[in-house]
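Trainee: Could you walk me through this model? I'd like to ask about it piece by piece.

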Amino acid sequence: SSLLTTAAKSSPDRTDRRKELLDDDGPDLQDFISGDLSEKSKWAEYKGNLKRQKGERKPQILVECLTPDFRGDLAAVEKIALSGLDVYAHNVETVRELQRHVRDPRANFDQSLSVLKHAKKVNPTVLTKTSIMLGLGETDQQILDTLTGLREAGVDCLTLGQYMQPTKRHLKVEEYITPERFAHWEKVGNDMGFVYTASGPLVRSSYKAGEFFLKNLLKKRKAEVTVAE
């Protein structure tokens with residue numbers, strides 16, 4: 001199984017356990033959650049973790065970082081995109097029309113698109129990735145329009161999963177999407193040009209089924225850049 005490394009929180013026991021797994025047959029794609037990287041101490045810790053994961057422990061490890069939208073601060077986006085990661089992940093969570101209903105009021109679809117576009121602009125070799133939850137009352141046309149907007153922004157990888165209500169205080173599930181509909185959206189995503197689409201009831205943004213595919217795609221892209229240079 002893969003590991004989830006939080007840049008903002010760490011302990012010796014967890015670090016030793018990660019090292020043990022990585023030295024053995026650990027994951028090829030390592031996850032980071034950015035945390036509040038606006039603080040210099042958090043940024044230094046993130047960079048230190050990144051260097052250790054990719055250098056001292058296992059050089060061939062590829063790193064994915066799940067980021068917030070930094071409230072539209074593109075300088076922060078650029079800092080992460082150029083930090084040495086391989087997959088820049090930021091989740092739009094839902095269709096454009098339900099953003100205000102589902103997400104923090106400070107977040108919005110266009111702001112998220114600008115984050116994903118800027119990460120690709122400053123680092124063309126990085127893979128950009130996002131995730132959408134279905135079952136919140138969205139329509140098929142809204143899903144299609146959202147996917148179109150993501151592709152126009154150059155997003156590479158897409159995951160679609162079923163929204164599940166974590167607690168009674170959270171939004172209720174409006175619909176349980178059938179496996180057939182999830183399969184339909186996976187085909188739509190692939191036909192639209194996403195290099196990788198994972199769509200299913202149990203799919204999450206950290207879905208690992210595509211890890212092998214992404215690893216080889218990244219290696220191919222880097223080899224192409226090397227040849228071009």
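Trainee: How many helices and strands does the secondary structure of the chain come to?
Mentor: This is a predicted model, so local features need pLDDT of at least 70, side-chain atom pairs count only at pLDDT 80 or more, and totals for chains, interfaces and linings use all residues. Residues are numbered from 1 along each chain as its sequence is written, and side-chain values use heavy atoms, with hydrogens and water left out. Helices (H or I, at least four residues) and strands (E, at least two) are DSSP runs, numbered from the N terminus. On that basis the chain comes to eight helices and seven strands.

Trainee: What share of the 229 residues counts as buried?
Mentor: Buried means under 20% relative accessible area, exposed means over 50%, and partly exposed is in between (1.4 Å probe, protein chains only). Of the 229 residues in the chain, the buried share is 46%.

Trainee: At what angle do helix H6 and helix H7 pack?
Mentor: Two packed helices are described by the angle between their axes and the distance between the axes. Axes are lines fitted to C-alpha atoms, for helices over the stretch in contact, and angles run from 0 to 180 degrees between N-to-C directions. For H6 (residues 140–152) and H7 (residues 179–192), the axes are 11 Å apart and the angle is about 30°.

Trainee: Is H6 roughly parallel or roughly antiparallel to H7?
Mentor: Angles under 35 degrees count as roughly parallel, over 145 as roughly antiparallel, 65 to 115 as roughly perpendicular and the rest as oblique. With an angle of about 30°, H6 is therefore roughly parallel to H7.

Trainee: Which residues of H7 make the contact?
Mentor: Contact means heavy atoms within 4.5 Å. H6 brings Asp140, Ile143, Leu144, Leu147, Thr148 and Arg151. From H7 come Arg181, Trp185, Val188 and Met192.

Trainee: Is Phe70 buried or exposed?
Mentor: Phe70 is found in the loop between strand S3 (62–66) and helix H3 (74–81). Its phi is near 50°, a positive value in a residue other than glycine. With a relative accessible area of 17%, Phe70 is buried.

Trainee: What does Glu93 count as at 27% relative accessibility?
Mentor: Glu93 lies in the loop between strand S4 (87–89) and helix H4 (99–102), and the phi of Glu93 is near 75°, also a positive value in a residue other than glycine. At 27% relative accessibility, Glu93 counts as partly exposed.

Trainee: How many disulfides does the structure hold?
Mentor: A disulfide is a pair of cysteine sulfur atoms within 2.5 Å. Cys65 is buried at 0% relative accessible area, and Cys157 is buried at 1%. The number of disulfides in the structure is zero.
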